[in-house]
Amino acid sequence: MDSLQTKRDRPWLMRTYSGHSSAKASNALYRTNLAKGQTGLSVAFDLPTQTGYDADSPLARGEVGKVGVPISHIEDMDQLFDQIPLDQMNTAMTINATAPWLLSLYIGLAQRRGIDATQLSGTTQNDIIKEYLSRGTYIFPPGPSMRLIADTINYTVKHVPKWNPTNICSYHLQEAGATPVQELAYALCTAMAVLDRVQASGEIKAGEFSPVVERISFFVNAGIRFVEECCKLRAFGEMWDELTLSRYKVEDSKLRRFRYGVQVNSLGLTEPQPENNVQRIVLEMLAVSLSKNARARAIQLPAWNEAMGLPRPWDQQWALRMQQVLAFETDLLEYGDILDGSPVIAAKVRQLVEGARKEIENVEAQGGIIAAIESGYIKRELVASHMQRLRAIESGELKIIGVNCFQETAESPLTLGSDGGIMKTNPAAEREQIERLQAHRKNRNAAEVQAALQGLDAAARSGENIMPSSIRCALAGVTTGEWGDSLRAVFGEFRPPTGIDIAIDSRAVLGKKDQVTELRVRVASTGEALGRPLKLLVGKPGLDGHSNGAEQVAVKARDVGFEVVYDGIRLTPQQIAQAAEEEGVHMVGLSILSGSHMELVESVLEELRRRDLAQLPVIAGGIIPQEDATKLAALGVSAVYTPKDFSFNTIMADMVDVIREANGLGRLGPLP
Amino acid sequence: MIQAQLPDPEQLAVRILRRERAAVASGLNLLDNKLAAARQRSARLLAALSGERALNDGHLIGVTGPPGAGKSSLVSAMIREWRLAGRTVGVLAVDPSSRPELGGGALLGDRIRIKNASYDEGLFIRSLANRNQLGGVATEVWPMSWLMLACFDIVVVETVGVGQTEIDIAEIGDTVCYVAQPASGDTIQYLKSGIIEIPDVFAVNKSDLGAPAQKTASEIGRSAPRQDRRDDWDYPVCLVSATMNTGIQQLHAHFDRHRSFLAAAGLLGKLRARHQSAWVVRVLKEEFGTFGIELVGGYAQIGRRLNETPSNQFEECEQLRQQIISRFKSSD
């Protein structure tokens with residue numbers, strides 16, 4: 001047994017991205033996960049917390065406790081970390097627009113428990129760029145948002161030195177369709193924008209910038225093409241080393257290391273034959289672990305059933321065990337870098353580096369990443385890449401087992417349980433959180449709250465670092481919504497370009513060519529029969545910002561001849577119904593990925609009825625379990641599309657038929 | 001089945017004049033409907049909304065300019081100001097369609113850019129695709145503006161100004177506002193081309209850029225008067241910033257001043273009648289060609305007939321259509 005004597009490397013931090021329903025329920029889950037061998041925490045917050053609203057805000061309806069834990073004030077934070085020693089825990093928080101606030105609650109809680117802030121370690125995601133491009137939980141315009149990021153960096157470098165204040169994310173760019181080259185380029189451009197902003201703030205003395213650069217970490221994705229992905233990570237390391245030396249003059253090579261955490265790809269997980277996701281996840285994990293010199297510092301894996309709904313504790317345990325088997329059973333951690341010296345790997349890395357350099361130059365020539373976002377350039381590039389991927393899946397050029405090939409399957413026992421193989425959130429969670437919040441508002445000292453909020457407002461206006469006044473707010477019992485509202489009043493709110501105005505490339509193949517031609521004929525002739533071209537409203541109700549699906553449907557519908565109204569994200573059901581009325585559309589398509597589809601769709605239908613639009617067909621798309629799809633149909637929804645409906649042509653043909661049926665024309669049936 | 005769903009035009013007109021939102025929406029759908037039964041009802045609806053009031057009430061403002069000039073954000077800032085002043089606003093936002101061989105679809109993204117965050121009963125936005133019509137602005141825009149004028153204080157038609165579009169917008173708005181982009185040669189090129197009627201008001205957006213905006217403003221100021229078409233109007237150039245929300249009130253003052261100028265000179269009704277005639281001729285020509293126009297006596301004769309009923313040309317248009325159709329049939 002040689003291996004027993006061999007010195008093994010220390011494994012990476014093992015986490016599971018989790019949180020749901022309430023601080024109390026999430027705390028129980030965290031403590032079970034830690035008992036199972038997890039070595040760090042990764043907190044998922046619900047959408048109201050991520051976008052700075054209280055649980056009782058009208059926009060929060062149906063979203064409280066859905067995609068993560070609701071944290072409205074310091075007592076929630078206290079409950080979330082009940083019996084968890086903050087000075088010994090490594091806590092990652094997926095939080096962005098409200099990152100300074102959640103970090104303030106964490107620091108405030110530590111202070112209350114008598115723990116020195118220098119003992120805290122963990123990460124706030126705190127990368128707004130990818131929120132504009134993909135994830136959608138931004139609040140403020142780019143200027144103030146970048147300032148808030150710089151504030152947290154300036155503050156933590158001085159007062160919470162073990163904290164990673166920002167995690168530059170290429171993760172969500174890949175989810176939005178980015179190629180490896182785009183991922184490299186845009187993530188590094190983002191890092192430059194952040195560091196340049198910190199430098200410009202003047203809070204760091206000249207010659208003391210290296211520790212700031214050292215605190216910048218990354219959050220990366222790994223897809224199924226694991227050889228290329230592994231090369232991408234080696235390319236990242238090379239380029240970061242070079243960039244931090246040349247641009248920021250970091251002399252100590254240890255401070256130039258590319259430190260990253262990873263969650264492997266969710267985009268490629270499938271709803272059909274969901275058990276196949278297990279091998280996908282394992283292979284993707286290899287991409288970030290094989291090469292010692294480009295190995296992740298922290299790994300969190302999705303669960304096999306993510307494309308179906310929320311994972312249960314057992315599903316998360318399975319994901320954790322995959323990491324443990326790789327780290328503790330295999331011999332991976334006994335060797336140095338096993339890819340060093342491979343000419344194949346070196347050539348691939350070189351190719352990626354060169355491509356990324358070119359795209360970085362391109363973005364810099366446009367004035368940097370912020371300018372390229374404001375102009376819509378990057379969003380257009382990503383929407384185009386994503387469209388290309390979907391077209392390749394539809395044409396069969398890109399094979400996805402169980403989806404567009406090898407669809408034959410025995411019934412999976414994994415999904416046969418009474419819960420359908422997914423987690424159910426507590427339906428009472430929203431009400432309970434609101435009650436708790438309202439009780440909290442009564443119990444706190446109103447004068448202290450007022451004073452703290454005034455301090456926050458003054459800091460926001462003067463440009464003084466936002467952290468000290470936010471920590472004071474946390475200790476005074478200010479709520480997440482109050483913090484968000486105060487800053488909204490000073491900074492305003494932002495609506496970024498949607499990227500759907502991409503020019504049609506006539507040479508690109510839109511799925512199967514003859515089907516597209518047929519679809520265009522159907523759309524045009526149905527429009528003629530109804531007297532005017534078919535008009536579709538694509539709406540995203542609620543706080544969920546994952547707009548990729550909605551955008552792809554909008555672009556595809558336009559490609560086959562629909563006139564498409566797309567209003568972007570974060571709309572109330574009332575706004576959607578109003579748009580449907582004003583625009584005179586033939587159909588409303590709703591996209592909801594946060595799990596709030598029941599509440600939100602019902603509200604939209606109700607608002608449509610109030611406007612005499614009860615006859616208007618409504619369709620819904622998203623991560624919607626079969627059981628809910630049946631309920632939605634009973635409410636009057638004409639069709640529900642889920643990730644298993646991968647063929648856009650089929651969806652479009654069905655949409656035309658739904659419109660035809662609603663207007664007394666016969667269905668035309670499936671495409672030839 | 002479909003026909004049964006068409007609304008009664010006269011009843012609809014009453015509800016539109018009462019400013020019922022559902023009626024406005026339904027009226028716009030009807031005007032967009034090309035089925036024969038719908039066309040006749042459209043004509044009746046427009047006739048019911050016509051009359052002296054239609055030539056004198058409200059203010060129809062066309063906003064155009066090159067892509068990237070920030071038209072939508074400016075329109076958004078303008079709407080905010082109008083709403084604060086208690087004026088109701090209808091918006092027709094026109095976006096390009098893809099070419100017919102590429103499906104002819106369209107992405108209408110303007111609502112995102114011009115919408116105010118909160119729900120507002122006094123604001124109504126309809127987006128339209130230009131449907132590949134030469135000249136850019138869809139034929140539907142004129143009758144739809146007519147309908148909106150019947151129930152909103154201000155009606156804004158927003159188009160992307162590329163190539164020929166401005167020709168059309170000049171045939172629609174009481175007041176045409178050109179939104180210029182600082183430090184770009186587009187505006188000057190456009191003025192120099194001299195082939196078209198120039199806008200009544202210029203808004204140089206992004207004035208927060210400072211010097212480049214001022215430079216563009218003074219260049220326009222120097223070029224505009226040379227194109228003089230209406231002797232007593234001064235063609236103001238206004239520096240605005242949609243993002244900083246500055247200059248909007250001044251811009252509105254120019255709009256109001258231009259409207260007063262037209263009304264005082266007795267031009268407002270004439271202008272609208274002329275725009276209406278231009279529209280009638282255009283739709284007839286589009287549908288029947290020059291041959292069809294000749295069948296009812298040619299352009300001059302059509303012009304005379306329309307002049308006799310300046311306040312209600314839609315009905316006249318429908319009659320001309322019917323005449324052309326019956327002559328087509330009898331010439332078989």
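Student: Into which domains is chain B divided?
Tutor: In this predicted model, chain B falls into domain 1, covering 1-49, domain 2, covering 56-264, and domain 3, covering 267-332.

Student: And how far apart do the centres of domain 1 and domain 3 of chain B lie?
Tutor: The C-alpha centres of domain 1 of chain B and domain 3 of chain B are 21 Å apart, and the contact involves 4 residues from domain 1 of chain B and 5 residues from domain 3 of chain B.

Student: What kinds of residues does domain 1 of chain B bring to that contact, nonpolar, polar or charged?
Tutor: On the side of domain 1 of chain B that touches domain 3 of chain B, 3 residues are nonpolar and 1 is polar, with no charged residue.

Student: Switching to the sheet with β3(B) in it, what is the strand order?
Tutor: That open sheet has 6 strands with parallel pairing, and the order reads β15(A)-β14(A)-β13(A)-β11(A)-β12(A)-β3(B).

Student: Which strands are at the edges?
Tutor: The edge strands are β15 (639-641) of chain A and β3 (106-108) of chain B, each of which pairs on one side only; between neighbouring strands of this sheet the turn is 20 degrees on average, direction ignored.

Student: How many bridges join β12(A) to β3(B)?
Tutor: There are 3 bridges between β12(A) and β3(B), which run parallel, and in this part of the sheet Val565(A) stands opposite Leu108(B) in β3(B).

Student: What about β11 and β13 of chain A, how many bridges there?
Tutor: Strand β11 (residues 535-539) of chain A and strand β13 (residues 587-592) of chain A run parallel and are joined by 4 bridges, and Gly539(A) is found opposite Leu590(A) in β13(A).

Student: Which strands does helix α22 of chain A lie across?
Tutor: Helix α22 (residues 548-559) of chain A lies across β11, β12 (563-566), β13 and β14 (618-622) of chain A, together with β3 of chain B, and it runs at about 160 degrees to β12(A).

Student: Now the contact between the two chains: how many residues from each?
Tutor: Chain A contributes 36 residues to the contact and chain B contributes 30 residues.

Student: Which element of chain A gives the most to that side?
Tutor: It is α23(A), with 7 residues on the side of chain A that touches chain B, while α21 (513-530), α22, β12 and α23 (573-583) of chain A each supply at least two residues there.

Student: And how do the residues on that side of chain A divide by type?
Tutor: The side of chain A that touches chain B has 14 charged residues, together with 11 nonpolar and 11 polar ones.

Key:
Residues are numbered from 1 along each chain as its sequence is written. Chains are lettered from A and ligands numbered from 1 in the order in which they are written. This is a predicted model: local features need pLDDT of at least 70, side-chain atom pairs count only at pLDDT 80 or more; totals for chains, interfaces and linings use all residues. Domain bounds come from an automatic or database domain assignment. Two residues are in contact if their C-beta atoms, placed from the backbone, lie within 7 Å. Ala, Val, Leu, Ile, Met, Phe, Trp, Tyr, Cys and Pro count as nonpolar, Asp, Glu, Lys and Arg as charged, and the others, Gly among them, as polar. Two strands pair if DSSP finds at least two bridges between them. Axes are lines fitted to C-alpha atoms, for helices over the stretch in contact, and angles run from 0 to 180 degrees between N-to-C directions.
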